[in-house]
Amino acid sequence: APSMTHLSRGTAVVVLLTAALASAFGPASPATSAATRWRPRRELRLKTTLRMGVLDSLTNVVQTVSNEQSEEDNLAPENARLLETYRRRAERINGMEAELEKLSDAALRAKTAEFRQRLAAGTSLDDMLEEAFAVVREAAWRVLEMRHYDVQLIAGMVLNDRRLAEMATGEGKTLVATLPTYLNALEGQGSLVVTANEYLARRDAETVGQVHRFLGLSVGLVQAEMETEDRRDAYDADVTYLTNAELGFDFLRDNLALTSDGTVQLRQPSFCLVDEADSILIDEARTPLIISKQVEAPKDKYEIAAQLATVLKQGTHYEVDEKGQQITITDTGFRDAERVVGKSLFDPNDPWAPFVMNAIKAKALFEADVQYIVKGNEVAIVDTFTGRVMEGRRYSDGLHQSIEAKEGIVVGTESQVIATVTYQSLFRTFSKLCGMTGTAMSDAKEFRKVYGLPVTSIPTALPVARRDYPDVVFKTKEAKVNAMLNEVARVHEAGRPVLIGTTSVQDSEEIAGALSDRGILARVLNARPENCDREGEVISQAGRIGAVTVATNMAGRGTDILLGGSAAVMAKLRIRDGLVSAGCVDESAEGTEGIEGSAAMKVSLMDDSFFPAPLSPNAEGGIATAAAALLGDGSDGEDGPLPLLELEELVSIAAEKAPISDPAVLAIRAAYDTIKAEFAAVVDPEKEAVRKLGGLYVVGTERHESSRIDDQLRGRSGRQGDPGASRFFLSLDDKTLRTFGADRLKSIMDSFRVSDDMPLEAKMVTDAIDKVQNKVEEYYSEIREQVFTFDEVLSTQRDNIYTRRVNLLAASDDDILSTFKTYSQETLADIVPNYITAEGAVNGTGLQAKVQQYFPNSAVDAAAMDNMKRPEVEAYLDAAVLKAVDDKMTAVDAWRPGQFARVAKYLSLVQIDNNWSDHLKNMNFLKESVILRKYQGRDVLQEYVTEGVGMFETFLANSRRSTVFSLMAYTTPPSGSSS
């Protein structure tokens with residue numbers, strides 16, 4: 001087991017410092033002693049340990065904070081009752097296995113049609129659940145040679161009951177998803193499986209998607225660069241795999257479409273399963289999805305502000321609030337900045353304040369290779385929770401342009417929001433939502449409150465044998481990194497595989513470089529595109545003897561690390577590389593430019609050292625045979641090289657056991673089986689050797705903002721009963737500790753004259769760090785709750801507008817004409833009161849001018865209206881306006897029949913979108929305004945609701961009036977034109 005060198009005087013220092021920690025990170029109850037404060041936490045952890053079936057002798061510490069444990073204790077009885085109910089159903093499913101084994105492939109596939117007939121006859125999904133699950137399990141065995149464990153059947157039932165299943169890493173969540181997905185797809189409304197990244201979506205569609213195809217269901221895959229028609233086909237499939245970002249942006253794009261042909265989500269699937277639900281539904285919920293339109297940016301201002309920020313000094317010109325991610329310019333800062341720009345920063349005609357503040361933010365709070373990376377002439381945001389580049393996302397309010405100016409690249413255009421939605425609002429639109437993840441119980445309350453998802457913890461198939469060591473805390477980052485490198489070198493020398501988790505691209509590359517200096521080869525997995533593309537390759541090797549892997553955030557990666565390595569994954573990569581080398585990939589394939597993994601990106605082959613053994617002549621011959629079968633002799637139109645994605649899909653199909661008849665795929669399968677057997681002969685003995693060494697050793701270099709991320713990292717070790725261990729190396733310079741109170745602890749350590757390289761290693765220290773992390777989680781929970789609370793108001797308005805858009809897109813010409821006449825009458829009703837006094841006097845001249853401004857072809861007599869009463873004026877104008885509309889329609893339709901309705905629909909949609917964009921901006925200003933009112937003791941939310949309703953009514957009126965004005969001013973093209 002890994003061990004640290006303890007201090008000769010460590011005990012006394014630890015006792016004193018842990019007492020200091022308790023006071024530094026939060027006061028205790030006045031009447032309790034330090035010893036009493038800690039005892040209940042130890043008892044709570046012991047209960048957790050026993051309940052999860054982990055022997056106390058194998059566990060030093062279980063990372064759980066008090067409030068999380070309380071939540072789990074409250075849910076435990078409900079969890080136990082549910083599991084017992086599901087266990088009895090699982091036993092009945094097991095009883096069907098023998099009969100289903102006797103069925104032929106065709107008879108098993110025919111069960112799908114039978115189930116659909118029974119549904120049509122009135123049988124409920126729940127009545128068919130047990131038999132349907134049994135069918136899926138049998139199909140998975142025949143296609144993938146994977147059989148669902150009983151606990152996986154239980155997890156499938158949990159998901160089907162609109163719950164969130166908490167399953168430990170490595171317990172087979174991907175296979176579990178096939179059960180409720182198949183069952184709910186039988187209704188014909190489609191099932192969505194939402195994953196955290198495109199690699200996982202494609203992998204799942206190609207692998208477990210074969211189970212659905214085997215049973216007669218269609219499987220769709222949505223990827224970033226797909227065209228509209230392909231997206232529509234994917235959403236129309238029985239089961240669709242996609243990422244949360246693609247789902248959200250397609251939702252927004254559909255609600256910006258100007259024709260029905262521009263939409264892709266033609267139906268609302270009733271069932272949605274979210275994988276890595278804590279990452280998607282909790283962590284990413286802090287930031288809404290936004291679609292913007294681009295407007296010209298004042299590049300000179302951004303560049304001057306960036307230069308100015310380089311000479312401004314923290315403490316003199318500005319202060320930084322890392323916790324709130326804000327900066328405050330001091331009086332000196334304002335004075336010196338204004339001297340540089342030559343005017344007030346708040347000049348209403350030429351404001352500089354936003355540019356200077358964003359430039360300072362970009363300098364002080366945003367660091368390259370941490371929050372973002374530079375790709376050529378582009379700044380790409382890195383998701384701090386998944387470690388991946390957030391394609392197509394940009395910081396708002398000019399911050400992105402300020403970062404571009406700071407990095408010395410071309411400043412892009414500014415953006416104005418035209419559509420936005422939060423994940424809370426998006427996923428609550430599904431009538432049957434469920435999710436699964438490795439860590440959910442700590443946020444059970446939020447899942448239930450926001451999404452209506454109760455959390456159920458699924459027991460592991462085998463007892464957890466991983467040992468989690470106490471954190472080791474150092475005074476400085478340099479001392480921490482040095483101690484961590486020494487520990488990795490010691491463990492690596494024995495041949496034990498090591499996974500090092502970091503919180504940024506920069507840290508991962510620095511650590512990999514430091515290991516290289518010590519003669520240790522480390523494979524890197526981080527947000528850089530060249531590393532993301534190799535995710536499967538890196539992970540497949542991470543469990544081999546002597547392997548060292550450095551990865552940024554592992555949450556959401558979704559790929560298990562197998563002790564000894566994965567012969568299957570490496571065999572797929574080897575045959576892919578062999579087929580590429582044989583010319584089976586079309587490197588000139590059109591339409592693939594920019595697609596991840598496309599041929600146009602020039603395939604990068606793995607070096608020979610990656611694979612566990614050289615191929616035999618027999619295996620080499622198998623690849624040559626497969627290549628010949630794939631390329632053909634040219635007589636068939638389908639012969640020849642393929643785009644890389646299609647080739648990888650064929651290899652994935654060949655690597656499984658689904659029945660196939662294609663000669664090329666059969667040849668690939670034969671070569672794959674040969675290569676896999678040769679690799680397994682080397683890899684399988686390694687597994688036992690790695691087990692004897694203690695399994696995978698996970699090393700954390702910093703606590704993340706969420707304890708769930710740390711638990712995900714730990715969970716990469718010790719999957720399915722394997723041995724393993726984890727330890728975190730921390731320093732008081734770490735951002736999480738520094739931001740939330742470690743500065744006080746650092747001063748205490750200075751008082752005790754603790755040297756930089758003296759480690760603090762004690763359970764009470766770990767508990768105190770837990771407390772810091774809990775403060776971080778509470779802080780971000782408050783942010784999410786605020787986002788959710790305010791978005792509830794905007795969500796109601798968004799639903800109203802998007803329903804109007806859907807109705808307009810589907811409306812017939814007669815419906816459009818009726819709607820436009822209503823718009824015209826309502827616009828007239830807005831005009832009339834402004835030209836009639838309280839005494840009833842009519843301003844006929846003014847009224848005539850305003851009416852003809854909106855309806856230029858209307859016949860209105862000002863003098864006649866002067867002598868009318870208000871009801872008479874209203875009736876007179878109503879008739880005149882309706883006649884003007886009819887005349888306009890006749891004139892427009894004379895150019896082309898139906899043109900008036902087409903233009904009316906188009907203009908209605910455009911005006912809604914344009915005014916909605918302005919409304920979103922105004923609502924954001926309102927939110928910022930009312931938040932400040934809380935210091936006056938006012939009800940912030942109520943004022944936001946009240947004023948927001950008024951602004952929404954104004955938005956509707958402006959959209960209606962703009963539509964009327966634009967359509968009545970529309971002129972047809974010249975005679976003879978077809979445009």
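**Exercise 1.** Which residues in α17 are buried?

*Solution.* First, some ground rules. This is a predicted model, where local features need pLDDT of at least 70, side-chain atom pairs count only at pLDDT 80 or more, and totals for chains, interfaces and linings use all residues. Residues are numbered from 1 along each chain as its sequence is written, and side-chain values use heavy atoms, leaving out hydrogens and water.

Next, the terms: helices are DSSP runs (H or I, at least four residues), as are strands (E, at least two), numbered from the N terminus. Buried means under 20% relative accessible area, exposed over 50%, and partly exposed in between (1.4 Å probe, protein chains only).

Now read off the list: A353, F355, V356, N358, A359, I360, K361 and A362 are buried in α17.

**Exercise 2.** Find out what surrounds D443.

*Solution.* Start with the place: D443 sits in the loop between β12 (432-437) and α20 (444-451). Then check accessibility: D443 has 12%, so it counts as buried. Last, look for contacts (heavy atoms within 4.5 Å). Skipping neighbours within four places in sequence, D443 touches I282, R708 and R784.

**Exercise 3.** Count the disulfides, then look at C272.

*Solution.* A disulfide is a pair of cysteine sulfur atoms within 2.5 Å. By this rule you get 0 disulfides. C272 is in none, as its nearest cysteine sulfur, that of C434, is 7.4 Å away. Now check accessibility: C272 is buried, at 0% relative accessible area. C584 also has 0% relative accessibility, so it counts as buried.
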